[in-house]
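Subject: Structure for you to look at

Hello,

I am passing on a structure for you to look through. Please open it first and then read the notes below it.

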Amino acid sequence: MDEVVKAVIDAVNNAERRLVIAISGHGAAGKTTFSNQLLKAFGKENVSYLNTDAYIISSALRKYTTIEYAYENTIHRSKLTACHPSAHHVLSLERDIKMLREGMELYTIDMPYAKSELLTPKPITIVEGMSAAFADPALFDLSIYFYTDDETELVRRYGRDITERGADRNYLRRSHEERRIQYRLFMHSYSCNFDIVVKSTNEAVKIEKNTLTEMAVTKIQDEIGPVD
């Protein structure tokens, strides 16, 4: 993971411009852990952090939406999960990212585990969460995508969603299989839009794609407007 952090830090330091960084992937893939590493490296005083969980349509509503899809020659009918693009308020997220890019302030959306706060433009904006995968890639100057295997995700969800968010253990287990199928069908393909793709398991971290070359850094320098 240190290699990925270093690649992002080098790109930001060379750019000398305001940057918007996307960090996305499915649930419990390592997004928040990585975001916290960047926040520590850059200093919170230099970063505006936008968590995109608030742009996911609530599961209390999604449970009434059943979708049908084919997987391995079998027809599945299941609740719409957050791995599907339709489960996200993408246009609202894109609006808010554009505001931050233009140097405008905004209030984040209130969530049960994260209260609303005022975001002010800073040299670096980190947009972290599943919804970022479905937003226009052109809104981001750098982008990092995380995913993991089925069992690692489930184990991590047990530790996070039950402990921190009060989720039901039996519900997580029952919904896990369909969530992973929907991830493969509807979300993973968006990883091709990202500069860096990381597979993170409890055993190892593998960088599967890294396009942060000198050419990419030069493009950032040439195309992004100066910091106000």
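In this predicted model, Asp2, Val4, Val5, Val8, Ile9 and Val12 of helix α1 are in contact with Phe34, Gln37, Leu38, Ala41 and Phe42 of helix α2. Sorted by class, the residues in this contact are nine nonpolar, one polar and one charged.

How do the two helices lie relative to each other? Helix α1 covers residues 2–15 and helix α2 covers residues 31–42; their axes come within 11 Å and cross at roughly 45 degrees. The crossing of α1 past α2 is right-handed.

The next item is the sheet. Six strands form an open sheet with mixed pairing, in the order β2-β7-β1-β8-β9-β10. Strands β2 (47–51) and β10 (205–210) are at the edges; each has a single partner strand, so one side of each has no neighbour in the sheet. From one strand to the next, the twist averages 15 degrees.

Which strands does α2 touch? Helix α2 packs on the sheet and touches β1 (19–25), β2, β7 (124–128) and β8 (142–147). The direction of α2 makes about 170 degrees with that of β7.

Regards

Key:
Residues numbered from 1 in each chain as written. Predicted model: local features only at pLDDT ≥ 70, side-chain atom pairs only at ≥ 80, totals over all residues. Heavy atoms only, no water. Axes fitted to C-alpha atoms, helices over the stretch in contact; angles between N-to-C directions. Helix = DSSP H or I, 4+ residues; strand = E, 2+ residues; numbered from the N terminus. Left-handed = near helix turned anticlockwise from the far one by under 90°. Contact = heavy atoms within 4.5 Å. Nonpolar A, V, L, I, M, F, W, Y, C, P; charged D, E, K, R; others polar. Pairing = 2+ DSSP bridges.
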